[in-house]
Amino acid sequence: MRNNMSEELKPHVVKSHDIRLDSDYVSWVHDVKQRYVSAQIKSAVKVNTEQLFFNWQLGRDLVERKAEEKWGKGIVEQLSLDLQNEFPKAKGFSARNLWNMKKWYLFYSGNESFSELAHHMEESLDMKSLKLQQVGVELDQNEKLQQLVAEINFPKFFGFVPWGHHIEIVTKCKTVEEALFYVRKTIEESWSRSVLIDNIKAHLYQSSGNALTNFAEKLPTIQGKLAQEIVKDTYDFGFVSLPAGYDEKELEDALEQNITRFLLELGSGFAFIGRQKEIIVAGKTRKIDMLFYHIKLRCYVVVELKAVSFEPEFAGKLNFYVNAVDQLMKTDDDNPTIGLLICKDKDQTEVQWAFQGIETPMGVATYDNIRMNEIKSQLPSEEAIQKRLEQAEEEYLLKLQEKNK
């Protein structure tokens, strides 16, 4: 019997073939991969956005229709039973989840400034990212949906946050400002629900964005708000252990040795450029304590460390370093350099007065929780250990001689 089976249908082992792979093939494969990733994101965003939009609408119905007043206190449970009966395979129609939809809508709609806050947040998000582009395309292409979104005040960026995250946020946050802070962090840093919960428990919102700065006055509006958000009032240096009476050099040494932990404490977007960055001005050498580049803000960040309380002259020195980086390192594509002074303690009035007349954007924060290196002082020195070993050896030899007598 003649076998007319085509070559591609014959049984065979799939393997790499001896073919010519050029730059055009590599470019094409890369494009295919990007398109596939884009399709996955588009599909996920579309499904999540439509589900969240439905939840928002249903929550709005329960509020606007005054359902409990109109049909009785058990109406939510009854609605839950009716929906589960009609859609037995669908998830999310439990009475508890319907109550969450109402709570979610009420939390935001009950705040008069919510619309304005959401608008500012949408403007400041990085809309150039692939994920943010996709949700915008999905909503913009669907004119009917876009109209409904505007009518019921549903922010587009909500579509990037899973439903479970939304409920954790409105359950654990006290204000809309705090809630939107965690919504932004979830979007920008792709937080899992457990990471979100951990950061809420750690009061990240309360510690972030509260440093004393002049960013609002010295930077464009959107960049000023973003810059304010990336700095904390107090940095937790609990990962550092230092001896009593430590100085700036020892603090820098410890932070550089623990640079990964330090970057995590600073927050996302910081890239470490170097320590003791040397600059020469008017023939004099000066060194910046630590220099970073913030990827999202697209600017250099000068960090000066002080192991003492804030002094007004510190602001002048930081101002000099920020101006030096602007003149010597900043390009036309970079935003203005910002300065951050991290010291042991500060007085608000002193900081505010020190900032007056300074045009460069800068902020002052503090640090705490450094562990004192008490164990080291309690251990014997290297010389003492060597002396003890020699003494033990002598004692052993004497005992050996006595035994051999």
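1. The second largest pocket holds about 520 Å³ of space. Closest to its centre, among the 19 residues that line it, are Leu 117, Glu 177, Arg 184, Lys 225 and Glu 229. A pocket is an open set of points on a 1 Å grid over the protein atoms alone, where a 1.4 Å probe fits, with protein on both sides within 12 Å along at least five of seven lines; lining residues have an atom within 4 Å of a point. The volume is the space filled by probe spheres set on the points.

2. The model is predicted: local features need pLDDT of at least 70 and side-chain atom pairs pLDDT 80 or more, while totals for chains, interfaces and linings use all residues. Residues are numbered from 1 along each chain, and side-chain values use heavy atoms, without hydrogens and water.

3. Helices H5 (114–124), H9 (176–189) and H13 (221–230) each supply at least two residues of this pocket's lining; H13 gives the largest share, six residues. Helices are DSSP runs (H or I, at least four residues), numbered from the N terminus.

4. The whole structure contains 30 aromatic pairs. Phe 154 and Phe 158 are edge-to-face, because their ring centres lie 5.9 Å apart and their planes meet at 80° (a pair needs centres within 6.5 Å, and edge-to-face planes over 60 degrees apart). Phe 154, at 3% relative accessible area, is buried, and Phe 158 is buried at 0% (buried means under 20%, with a 1.4 Å probe and protein chains only).

5. Tyr 293 and Tyr 300 also form an edge-to-face pair, with 5.0 Å between centres and 85° between planes. Both residues are buried.

Key: Rings of Phe, Tyr and Trp (its six-membered ring) pair if their centres lie within 6.5 Å; planes under 30 degrees apart count as stacked, over 60 as edge-to-face and the rest as tilted. Buried means under 20% relative accessible area, exposed over 50%, partly exposed in between (1.4 Å probe, protein chains only).
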